[in-house]
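Student: Hi! I'm new to this one, could you walk me through it?
Tutor: Happy to, let's look at it together.

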Amino acid sequence: MATTRATVQTPGRRQRSENKRAAILSAAEALFVADGYELTSVDAIAARAGVSKRTVYDHFGDKQTLFATVLTRVTDALSATVRTAIEQELVAERDLREALLAFASRVTTEAFPSSDYVTFRRLTSQGRSAPRLPEAVRERPERMLEERFAQLAADGEIRTADPHRAVQHFTALTVLLAVDALRDDGEESTAADSEILAIIADGVDAFLRAYR
């Protein structure tokens, strides 16, 4: 009776495999952003990454999975920035207005001007044939902020029975207005820092008038 012998990867072999995977993801991201999902071929990704087409398939299975992996990686990076801003700025012992100002300013100046956000915008604005992120992944930053707003409500800092709606109002009044002024499709800045801070401050004050 024949037995199947498990293949054990040595540390060196594992590292080479991880390096190839990273090279494929970087090559795929660059090509998906530059040429779009439909026009990017697995052959082109393999050539840019310096690996065989077979290696691409071995790591990711197909182009759809590769695109989804690239998009998830970029989303994870943005989510990490938002999570850090929540943890470091929206702290319980801090004045609420000051905390909200600091949070919105940090997200606007760090997350949205970043290359990750530019990549995210370009990847998510492609044709219908491009895979879409699962809703749970796509809304992760908003969900993290919703949890913090629920805690603010429980602590009596804000008045709301619907933290999700409160987050929508807050981001619309602050971050989204600031981004509209700051960027035009992720390209060069069109507003001064003082203008951005004024937009955020006005939005925070409007939010607090409604929710305090």
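This is a predicted model: local features need pLDDT of at least 70, side-chain atom pairs count only at pLDDT 80 or more; totals for chains, interfaces and linings use all residues.

Student: Which residues in H1 meet which ones in H4?
Tutor: Arg21, Ile24, Leu25, Ser26, Ala28, Glu29 and Phe32 in H1 meet Lys63, Leu66, Phe67, Thr69, Val70, Arg73 and Val74 in H4. Sorted by class, this contact of H1 with H4 has 8 nonpolar, 2 polar and 4 charged residues. Contact means heavy atoms within 4.5 Å. Nonpolar covers Ala, Val, Leu, Ile, Met, Phe, Trp, Tyr, Cys and Pro; charged covers Asp, Glu, Lys and Arg; the others, Gly among them, are polar.

Student: OK, and at what angle do H1 and H4 cross?
Tutor: Roughly 90°, and their axes come within 10 Å. H1 and H4 are therefore roughly perpendicular to each other (65 to 115 degrees). The axes are lines fitted to C-alpha atoms over the stretch in contact, with angles from 0 to 180 degrees between N-to-C directions. Helices here are DSSP runs (H or I, at least four residues), numbered from the N terminus.

Student: What about H8 and H9, how do they cross?
Tutor: The axes of H8 (residues 140-154) and H9 (residues 163-173) cross at roughly 110° and come within 9 Å. Among the residues that meet there are Phe149 in H8 and Phe170 in H9.

Student: What else does Phe170 touch?
Tutor: Leaving out residues up to four places away in sequence, Phe170 touches Leu100, Phe103, Ala104, Leu145, Phe149, Val175, Val204 and Phe207.

Student: Which residues touch the most others in the largest nonpolar core?
Tutor: Of its 59 residues, Phe32, Leu66, Leu100, Phe103, Phe149, Phe170 and Phe207 touch the most other members. Helix H4 (residues 63-89) gives the most to this core, with 9 residues. Such a core is a set of buried Ala, Val, Leu, Ile, Met, Phe, Trp, Tyr and Cys residues joined through side-chain atoms within 4.5 Å.

Student: New topic: is Thr81 buried, partly exposed or exposed?
Tutor: Thr81 is partly exposed, with a relative accessible area of 25%. Buried means under 20%, exposed over 50%, partly exposed in between (1.4 Å probe, protein chains only).

Student: And what does Thr81 touch?
Tutor: Thr81 touches Glu110 and Ala111, not counting residues up to four places away in sequence.

Conventions. Residues are numbered from 1 along each chain as its sequence is written. Side-chain values use heavy atoms; hydrogens and water are left out. Helices (H or I, at least four residues) and strands (E, at least two) are DSSP runs, numbered from the N terminus. Angles under 35 degrees count as roughly parallel, over 145 as roughly antiparallel, 65 to 115 as roughly perpendicular and the rest as oblique.
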